[in-house]
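Biologist: Could you take me through the salt bridges and the contact between the chains in this model? I would like the cut-offs along the way.

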Amino acid sequence: MKIASILTTPGEWLSPHGGDHPIVISSRVRLARNLAKLPFPGWAKKAERIRILDEIKPVVDGLEQMRDCFSEQLNELSAVEKQVLVERHLISREHAAKGIGSAVVINPTQTLSIMVNEEDHLRMQAISSGLDLQKTFRAIDNIDSALEAHLDFAFDPRLGYLTACPTNVGTGIRASAMVHLPGLVLSEQINQVVNSVNKIGLAVRGLYGEGTEAMGNLFQVSNQTTLGENESQIIDRLNKVIETLIQRENQARENLLATKRTMLMDQVGRAYGILTHAYSVSSKEALNLLSVMRLGIDLGFFPEEGRVIINSLLMETQPAHLQLQSQQKLAAEERDSLRADIVRGKLRSFSKPNKNKLSGGQTAGPASETQ
Amino acid sequence: MVCDVCKTNTATVYLTQIVDGNMKKINLCESCSKDKGVSDPTGFALADLLLGLGETQQVEQATPTEHCPVCGFTQADFKKTGRLGCSECYKTFSEGLGSLIKAMHKGTKHTGKIPARLFRDMMRSDRLNELKRSLEEAVSKEDYESAATIRDEIRNLESEV
């Protein structure tokens with residue numbers, strides 16, 4: 001399978017077959033594994049990395065689940081192609097910086113991605129849309145068991161699976177969910193919520209941006225510890241916290257509808273207005289406005305059919321995705337202009353926000369008021 | 001009061017963490033607190049991790065020139081990168097790593113998945129021990145018929161290895 005087909009088809013987790021979860025965008029489970037007694041990728045010399053790659057890659061390529069997969073060494077991919085894979089959450093930023101001696105193997109539906117020689121010899125992940133951590137874990141657990149039948153994994157009975165960084169030792173699992181929390185952000189409860197999640201021992205990171213500047217109201221919630229608990233316990237805890245987050249987010253949205261309806265309509269109206277008329281939109285602005293559009297769909301301002309369009313725009317408006325569409329190297333302004341063109345085009349089918357269609361709410365203001 | 005992480009600057013940020021009734025206090029200077037994202041709720045790591053990082057500075061005083069026999073990694077290398085050289089490093093540096101791992105995680109013993117081959121080996125050795133006990137019992141009861149059957153089963157299992 002060639003990179004072109006990966007790049008032109010959205011991953012299954014981005015355009016799911018039956019409606020997606022309004023708040024949880026995707027669930028991901030990653031396992032870290034290493035071969036016994038061989039130097040970890042960060043310490044191994046180039047020749048050793050290549051030798052380890054040659055040992056691991058054929059086994060990965062041969063997996064049943066990886067039939068017809070996309071399988072490339074990283075030095076064969078251009079910087080833009082690698083960046084697109086990062087934007088799709090198929091490889092990490094760290095992996096994109098690698099070249100010879102590292103590889104990535106991705107299945108046709110883009111729900112499984114296996115990195116060879118990232119921080120560990122093997123970083124395998126399964127990703128699915130909505131909240132289904134158990135199913136996602138089972139998928140990657142099967143891959144792990146299939147690989148382990150042919151490879152000698154570094155394992156200690158007391159410490160568990162041995163990893164390059166002690167923070168991953170034991171189960172080597174990082175389970176995470178990407179959540180969309182515009183209600184909590186708009187009602188200024190997000191910091192308090194993030195702090196309480198941290199206290200339980202889970203990490204909350206803004207998906208883009210530095211520090212507290214969480215762009216697009218998107219956050220990634222994940223476990224921090226990997227030793228001392230088994231995989232089910234870690235996943236259960238994450239699940240419970242996410243369910244609480246969903247409740248809190250829904251409450252925040254209801255509250256806003258009840259007490260700050262005008263502010264909401266204003267936000268949605270402005271997002272719609274700018275995205276349908278602007279000729280230059282930065283990636284940060286696009287993320288934030290698309291987030292508000294998504295909220296608009298959740299609240300009933302826009303029809304449900306619009307969700308797929310917004311989801312695909314979230315991916316298409318990212319820098320490397322834009323660059324891929326053009327033959328010459330684009331400067332920042334050219335990207336901003338191309339981004340605006342794509343957004344205007346895709347949103348042509350969107351009619352103006354309809355405040356009479358608010359879910360669960362009665363119309364605000366006099367019935368004769370024109371839109 | 002001196003910063004707990006860099007041990008040089010004066011501490012101006014006082015962090016108290018209470019988890020499950022256990023209280024931990026850390027004192028940080030302005031720059032270390034920015035580095036570790038203490039003022040930033042989304043970047044904030046567990047206080048335990050901060051304490052753990054402070055501990056690597058004690059670890060290096062133990063045996064600074066010790067090399068991992070398989071990959072040649074040293075504790076100085078670990079301090080520089082925060083990562084190890086190979087799986088054998090966990091044995092080589094087990095003393096220093098012990099307290100670090102304890103501070104980082106919820107427990108010090110792995111309770112999750114075990115590679116299938118290892119699991120089978122464990123099951124087999126458990127079964128062998130069980131059979132040997134039964135054999136002793138049968139012999140002491142002078143039940144030589146059962147003893148012979150058990151002895152054959154033991155031979156079978158042992159030849160599987």
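Biologist: Are A:Glu119 and A:Arg123 buried or exposed?

Modeller: Buried stands for under 20% relative accessible area, exposed for over 50% and partly exposed for what lies in between, with a 1.4 Å probe and protein chains only. The two residues form a salt bridge, their closest N and O atoms being 3.2 Å apart; the term asks for a side-chain nitrogen of Lys or Arg within 4 Å of a carboxyl oxygen of Asp or Glu. By the accessibility rule, A:Glu119 and A:Arg123 are both buried.

Biologist: Good to know! What are the ground rules here?

Modeller: This is a predicted model, where local features need pLDDT of at least 70 and side-chain atom pairs pLDDT 80 or more, while totals for chains, interfaces and linings use all residues. Residues are numbered from 1 along each chain as its sequence is written, chains are lettered from A and ligands numbered from 1 in the order written, and side-chain values use heavy atoms, without hydrogens and water.

Biologist: Which residue of chain B forms a salt bridge with A:Glu119?

Modeller: Between chain B and chain A the count is six salt bridges. In the one with A:Glu119, the closest N and O atoms are 2.8 Å apart, and the partner is B:Arg83.

Biologist: How much area is buried between chain B and chain A?

Modeller: The size of an interface is often given as the accessible area lost when the parts come together. Here that loss is taken with a 1.4 Å probe and summed over both parts. Carbon and sulfur atoms give 58% of the area, and the total is about 3800 Å².

Biologist: Which helices of chain A hold A:Asp298 and A:Arg253?

Modeller: A:Asp298 and A:Arg253 form a salt bridge with closest N and O atoms 2.9 Å apart. The pair links distant parts of the chain, 45 residues apart. A:Asp298 counts as buried because its relative accessibility is 16%, and A:Arg253 is buried too, at 6%. Helices are DSSP runs of H or I, at least four residues, numbered from the N terminus; A:Asp298 sits in helix H10 (residues 283-299) and A:Arg253 in helix H8 (residues 231-259).

Biologist: And B:Arg124 with B:Asp121, how many residues apart are they?

Modeller: Their salt bridge has closest N and O atoms 3.6 Å apart. B:Arg124 counts as buried at 18% relative accessibility, whereas B:Asp121, at 37%, counts as partly exposed. Both lie in helix H6 of chain B, about one turn of the helix and three residues apart.

Key
Buried area is the accessible area (1.4 Å probe) that two parts lose on being put together, summed over both. Helices (H or I, at least four residues) and strands (E, at least two) are DSSP runs, numbered from the N terminus.
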